[in-house]
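Hi,

Here is the structure I promised to pass on. Have a look at it first, and then read my notes below.

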Amino acid sequence: MRIRNKPWADDFFEENDDVVVSEPFSYKGKWQEIFEEEQPLHLEIGSGKGQFIAGMAGTFPDVNFIGIERVKSVMVGALKKVKEAEVSNARLVNEDAKDLRDMFAENEIDHLYLNFSDPWPKTKHEKRRLTYRTFLEQYESILKPGGKLTLKTDNRGLFEYSLSSFSKFGMVIEDVTLDLHELEDENNVMTEYEQKFSEKGQPIYRCTVSVSV
Ligand code: SAM
């Protein structure tokens, strides 16, 4: 059973305010100020326990990363991973990414990642999918012209839905793979879910799209 609230989580976040951004809305348009270097800004929505953001920050030190995770007890894991990785280019936000335009200015983000997002398979829950039209409107606003979005999932239904949603919205589909691990992409950093599903032999789907210039 998931422990919804860890009473010590708030203290843990406060003690690590070099990584956890407690007032993210006040940084709208100013995110570069909280990093040591001004460099491209990449955003992951639904960072989970942080394997991806910690790994990406270590692999790409010339990029600044922000991870948003709405479940406090899950973000505790992400914070531990970022601290263990000893990286200075990753920040975490414990919020629901329901209106990113309150947190980021237009054109502030270079690349956005959706990793193993909840599939919400029932049609009546379509609006909750992170690739539903209303989310794409937000992504388009905060991404730079030509900015990219990469989605990885094991869920074929969500993958097909997302490709169709991107395309209807006018995003340009730049790359699609139906079996990511067959590619042996040395730049691929695995997420917790990706590792779990690929160890079971399930194919991982990935696509990258861009917003119009
Ligand atoms: N990305 C991780 C991975 O691949 O291992 C975790 C995948 S898990 C299925 C999805 C995560 O996204 C959960 O931790 C959930 O709390 C988070 N999430 C879902 N919707 C969100 C939202 N609107 N804002 C922030 N986090 C969200």
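**What I found**

Let's start with Asp11, which is partly exposed because its relative accessible area is 45% (buried means under 20%, exposed over 50%, and partly exposed in between, with a 1.4 Å probe and protein chains only). Before going on, keep in mind that this is a predicted model, where local features need pLDDT of at least 70, side-chain atom pairs count only at pLDDT 80 or more, and totals for chains, interfaces and linings use all residues. Residues are numbered from 1 along each chain as its sequence is written, and side-chain values use heavy atoms, with hydrogens and water left out.

Asp11 sits in helix H1, residues 9-15 (helices are DSSP runs of H or I with at least four residues, strands are runs of E with at least two, and both are numbered from the N terminus). Together with Glu14, Glu15 and Asp17, Asp11 makes up a patch of negative charge on the surface. A patch takes residues with over 30% relative accessible area and no salt bridge, joining like charges within 9 Å and nonpolar side chains (Val, Leu, Ile, Met, Phe, Trp, Tyr) within 5 Å. For the charges, Lys and Arg count as positive and Asp and Glu as negative, while His and the chain ends are not counted; the place of a charge is NZ of Lys, CZ of Arg, CG of Asp or CD of Glu.

There is a nonpolar patch on the surface too, formed by Ile173, Val176 and Leu178, with about 250 Å² of accessible area together (areas come from the Shrake-Rupley method with a 1.4 Å probe, and for residues only the protein chains shown count as cover). Val176 belongs to strand E6, residues 172-177, and is partly exposed at 40% relative accessibility.

How many salt bridges does the structure hold? There are 11, where a salt bridge is a side-chain nitrogen of Lys or Arg within 4 Å of a carboxyl oxygen of Asp or Glu. One of them joins Asp110 and Lys144, at 3.0 Å from N to O. Asp110 is in strand E4 and Lys144 in strand E5, so this pair ties together parts 34 residues apart in sequence. Both ends are partly exposed, Asp110 at 23% and Lys144 at 31%.

Another salt bridge pairs Glu192 with Lys81, their closest N and O atoms being 3.1 Å apart. This pair links distant parts of the chain, with Glu192 in helix H7 (residues 192-199) and Lys81 in helix H3, 111 residues apart.

Glu192 also turns up in the UniProt record: an unreviewed entry places the feature "binding site" at Lys122, Asp154, Thr191, Glu192, Tyr193 and Glu194. These positions spread over 73 residues of sequence and are also spread in space, up to 24.8 Å between C-alpha atoms. UniProt positions are in the numbering used here, feature names are shortened, and annotations may be inferred rather than shown by experiment.

Last, some backbone angles. Most residues other than glycine have a negative phi. Phe116, however, has a positive phi near 55°. Is Phe116 buried or exposed? Phe116 is buried, because its relative accessible area is 10%. Asn107 has a positive phi as well, near 65°, and is partly exposed at 36%.
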